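Open the model in your viewer and keep the selection tool at hand. This tour goes stop by stop.

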Amino acid sequence: MKKIISLVSLLFLAVILNSCNTIQNSDTKLDDNGSKEKPIEYKIEKIVLSKGYQSLEPNVEILEKNEDIKILISLGLVESSGIKIDKITENNEKINIYTSRLLEDDKTQFAIPQAIIKLKISDKDNLDDIKFNIINENYDPIELKFGKSQILNKIYSQFKISPNTIPVVDLIKTKESFVWNIDFNNISETDDWKSPLINLNVKADANTGKIVLSNKEVISEYIDNGLILDYIPGKYLLYKQEEIDEEKSTNTLWLYNLQNNKKEKLYETNDLIYSGIFSPDNKNIAFIENDENISNIFLINIDEKTTNKITPIDYDHTWNMKWKDKNNLYFVNNDSESKSTLLKYNTAEKKSEEVFSVGKIISDFDFKNDLIVFTEYDEKKLNKNIYITRDGSNLVTIDKGYRVSFLDDSTIIYLKNIQNKNTNILSIYNLKDNSKITETEVDIENYIKLNSNNLLIIEKNSSNKDYTIMKYNTENKFSKPIGKITGEVLFYDEALNKCYISLSPPIENEKKHIIYSIDLNKLNINKK
């Protein structure tokens with residue numbers, strides 16, 4: 001599966017030149033003052049064409065001062081398909097770097113050529129006094145009056161936006177000038193926290209600084225401020241709001257009707273509402289309320305508008321719950337630092353009973369038929385021991401990972417962190433033959449089960465501060481990108497191709513989260 005790479009990352013169009021060959025200049029010539037230039041032995045480690053456009057001025061930066069001197073040279077803005085380092089010489093306290101550009105018709109572009117080079121300098125004692133001189137032999141760097149940073153600052157001020165992702169920036173040559181073409185995705189306008197999210201494209205003249213064209217597209221609708229807890233496609237959103245003042249903190253639980261766009265307050269408390277979930281028949285809501293060291297589960301009947309505490313006596317450390325069916329809610333009580341009890345509450349009989357106790361602290365858990373899978377809590381590790389059991393006494397370890405769940409009767413799905421790469425992969429465990437399969441190599445932040453064969457994957461984009469949403473089929477290993485978003489937790493409506501998401505607004509705003517519905521058909525990934 002091909003990973004989508006942000007345009008603002010370094011674009012490796014020029015291959016590593018002479019990375020294994022040490023080059024010795026053989027000629028000696030006079031400089032403008034009549035002094036001899038002595039050749040320097042050097043080795044090119046890497047040459048790239050950068051489209052980050054952070055600095056348009058040619059410059060040299062010393063990276064290391066060891067036995068060899070490592071430098072990074074940036075040649076400024078150049079139209080080329082690559083560059084050559086022709087030779088490097090020294091003369092007194094000056095080092096001359098002779099460069100030329102390459103022009104291949106199908107690869108030529110506007111970028112900033114950069115090279116990492118190791119130099120063998122005879123006199124390192126006076127290194128701080130040495131001046132570097134880039135001599136371009138067959139080109140002149142392009143000079144622009146307005147660089148990327150200046151144009152971005154102007155756009156932020158003029159359009160009153162506060163991006164929390166890195167914009168996509170490109171430089172386009174026109175007949176008259178150069179134009180900065182800048183795309184902002186999933187951004188908010190700072191002057192109104194109720195305004196929807198937008199995609200914004202701006203074109204600005206790089207020599208006058210003038211905005212020559214702008215286009216704004218609304219991609220979302222404002223729902224309310226709050227944090228989404230659960231979702232019933234096409235019917236309800238369950239979310240909480242938190243208000244904090246000097247005297248107290250207030251948490252309120254709300255139900256938003258997606259059919260008539262009306263909201264209803266369900267519950268209010270001075271304690272923390274930790275989580276909330278709908279029952280499979282959409283008639284009840286279970287939520288956990290936490291008061292410092294004590295937590296309890298409450299059940300709300302949506303039709304009857306009643307709220308009842310269902311935690312049994314002596315079980316006051318519940319912290320995870322899941323509906324098995326419309327009548328049975330399973331939940332975990334942390335009995336001690338080394339023991340958990342799994343319980344279930346029956347809504348028809350209105351009573352709780354123990355399922356089993358285990359000498360582990362249960363974190364995530366899921367069940368299918370009479371089989372239960374869970375992870376063992378470990379605050380120091382992201383990858384946790386994963387066990388399967390039927391009665392809590394016979395535990396079988398299958399792997400290490402987190403966010404574990406059943407995909408179908410014989411398949412367990414989970415995330416696994418690869419520490420040396422700092423990435424999270426999607427893994428599958430087959431109960432029929434006890435095999436483990438790595439499904440994807442992309443860096444995954446989260447996943448949503450759509451059905452037994454299809455997932456919605458939220459992939460982290462390493463070069464940006466956003467995420468790519470993809471549909472993934474576990475049978476044929478086919479993935480399809482849908483769009484990019486700025487949050488990793490979302491609730492998906494497949495029929496409408498919409499998602500509901502809680503996002504943090506600009507820093508200066510007092511609201512902690514804002515709930516949006518986002519039209520995924522308007523996200524830019526498919527257009528590009």
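**Whole chain**

Start with everything selected. Remember that this is a predicted model. Colour by secondary structure: you will find 1 helix and 41 strands. The protein has 528 residues, and 49% of them are buried. Now show the surface. Its accessible area is about 26,900 Å², and carbon and sulfur atoms account for 44% of that. How far apart in sequence are the residues that touch? Take the contacts between residues at least 6 apart: 47% of these join residues at least 24 apart.

**The largest nonpolar core**

Select Leu144, Ile155, Trp180 and Phe184. They belong to the largest nonpolar core, which has 25 residues, and they touch the most other members.

Leucine 144 then contacts Leu56, Leu77, Leu171, Phe178, Trp180, Ala206 and Asn207.

**A second core**

Select Ile95, Ala115, Ile117 and Ile134. They are among the 22 residues of a second, separate core.

**A four-strand sheet**

Move to strands S15, S41, S40 and S39. In that order they form an open sheet of 4 strands, with antiparallel pairing. Which strands lie at the edges? They are S15 (220-225) and S39 (490-493), each pairing on one side only. Look along the sheet: from one strand to the next, the twist averages 20°.

Now zoom in on S15 and S41 (residues 514-519). This antiparallel pair is joined over 5 bridges. Strands of a sheet pair through backbone hydrogen bonds, either parallel or antiparallel.

**A hairpin**

Last stop: select S33 (residues 423-430) and S34 (residues 435-440). These strands run antiparallel, and 5 bridges join them. Pick tyrosine 429 and look across to lysine 436, its bridge partner in S34. S33 and S34 form a hairpin with 4 residues between them. Finish on asparagine 434, which sits in that turn with a positive phi of about 55°.

Definitions and conventions
Residues numbered from 1 in each chain as written. Predicted model: local features only at pLDDT ≥ 70, side-chain atom pairs only at ≥ 80, totals over all residues. Heavy atoms only, no water. Pairing = 2+ DSSP bridges. Helix = DSSP H or I, 4+ residues; strand = E, 2+ residues; numbered from the N terminus. Axes fitted to C-alpha atoms, helices over the stretch in contact; angles between N-to-C directions. Buried < 20%, exposed > 50% of the residue type's maximum accessible area, 1.4 Å probe, protein only. Contact = heavy atoms within 4.5 Å. Areas by Shrake-Rupley, 256 points an atom, 1.4 Å probe, with all protein chains shown as cover. Core = buried A, V, L, I, M, F, W, Y, C linked by side-chain atoms within 4.5 Å. Lists of a residue's contacts leave out its neighbours within four places in sequence.
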